[in-house]
Amino acid sequence: MDGLALPTMSNVKETVGLTSHMTENAFAPVSDANPNVCLANYSLSIGQEFADVDTCRKTLKDIAIALHFEIRIVKSDRSRFIAKCSKEGCPWRVHVAKCPGVPTFTIRTLHGEHTCEGVQNLHHQQASVGWVARSVESRVKDNPQYKPKEILQDIRDQHGVAVSYMQAWRGKERSMAALHGTYEEGYKLIPAYCEQIKKTNPGSIASVVATGQDNSFQRLFVSYRAAIYGFINACRPLLELDRVQLKGKYLGILFCASAVDANDALFPLAIAIVDVESDENWMWFMSELRKLLGVNTDSMPRLTILSERTTGMVQAVETHFPNAFHGFCLRFISENFRDTFKNSKLVNIFWNAVYALTTVEFENKISEMVQISQEVLSWFHHFDPQLWAVAYFEGVRYGHFTIAVTEILYDWALECHELPIVQMMEHIRHQLTSWFNDRRHMAMRWTSILALPPKSGLQKQLQMLAVIKYSGQMKLNLKSCLVKGQTL
Ligand SMILES: [Zn+2]
């Protein structure tokens, strides 16, 4: 506790003039348990100065709440601030006046003794939304997920004051706005934000689309140069496509197209926020993606795109990436199968069918399923095996059957849903920068030109290949080796 001079209760009584008939409990600050609160902050004395009238008002409010009495403001204008204890007959009163020529205010007169019993319940007139906002600001800054329910409980524990859920909610909103600006201000900043991205990170794409007479926000698309360059030069031609609903005040949907890097980690290529999930917005997203890749994909092997294949996604991929193999995410397809048939035996055979390496093996599995339920045939008709079964899928999945980007999108939605749009994009950018930087450091420690983290499965596979190749049994092309579905 060195350097933090906590006065004893008797000192506090002297400085604020508590009368002897009051019990210590009645006015004892309930924040005793909090070592960050210095009781000396609650003392008042003649000649004491405040930077301005606003600071004076806030300080008196804090003192009233901490010492459990309510104040009534008698006068508050440019030159003076006069407040008294709100209890009838209590002489406590303070008169603060502006010093000439400077914004400073100083206490001129102080009747610092209460004869009242103070506030005897948990409600306090000075515990306004503004006070709640100030009280929680540092915690909201550290944790934007700080919930109104937690706020009202913490305020009760720390200050002995009850605030309503609505007050806590509004207090947090105000605090968030003070820290990050409001949601509404955030949307207005988007055009300037896009310009900054392009200016400070040349080669990046950042565009915003507004709509209607009121020019309201419709779409934002961002792809950083590092991601574009990395995808074109160092990633396999595979993209995962997904979206997540945002839960912020203005909702919206977060779209993402993510590649997978040489070490099998997700490598988000493009991010968009759109007002709704619609066919039109998917068409626009894939069109922007096509534009940014431009002619660069011409020399790449054919692209494989994995997604849930909603109608909007399918149309957009077919329009802008007509040569790409667009397969189903196996998690989606298997969950659909499981939920449709609710039969664990069928599901087991289904998985065998998924991984069957030949069409004959696949057809055998289908026959097994049909013996259990004829209805699987219509399901298979609806979900064409060419879009998901290893034996039929013509594209190369590079060992990726389910899309992993979904999880990242859910994390971002959860971490950012309290933030205005620009802060949300900045949170995502920080995360991408941090990932890319960590990976760069990791890759610099590798000694091979291939991404070969120690003890990786890839390393073992390569050793195995070397043995086979050495024995002269097979001629292998590194890019299309091993069995189908396990291509490097
Ligand atoms: Zn009083």
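Start with the packing around helix α7: its buried residues pack against β6 (205–211), β7 (216–223) and α16 (421–444). Contact here puts C-beta atoms, placed from the backbone, within 7 Å. Helices (H or I, at least four residues) and strands (E, at least two) are DSSP runs, numbered from the N terminus.

This is a predicted model: local features need pLDDT of at least 70, side-chain atom pairs count only at pLDDT 80 or more, and totals for chains, interfaces and linings use all residues. Residues are numbered from 1 along each chain as its sequence is written.

Select G186, I190, C194 and I197: these α7 residues are buried (20 or more other C-beta atoms within 10 Å of their own, with C-beta atoms placed from the backbone). Stay at I190, where α7 has a kink of about 45 degrees, shortly before the proline P191. The bend is the angle between axes fitted to the seven residues ending there and the seven starting there.

Next, select the open sheet of five strands, ordered β1-β5-β4-β3-β2 with antiparallel pairing. A pair needs at least two DSSP bridges. β1 (49–50) and β2 (71–76) are the edge strands, each pairing on one side only. Zoom in on β3 (residues 80–85) and β4 (residues 93–98), joined by five bridges. A83 stands opposite V94 in β4.

Finish with the cores, sets of buried Ala, Val, Leu, Ile, Met, Phe, Trp, Tyr and Cys residues joined through C-beta atoms within 7 Å. The largest has 72 residues; L254, A272, F285 and A389 have the most contacts inside it. A second, separate core of 30 residues includes F81, W92, V94 and W131.

Notes. Buried ≥ 20, exposed ≤ 12 C-beta atoms within 10 Å, placed from the backbone. Contact = placed C-beta atoms within 7 Å.
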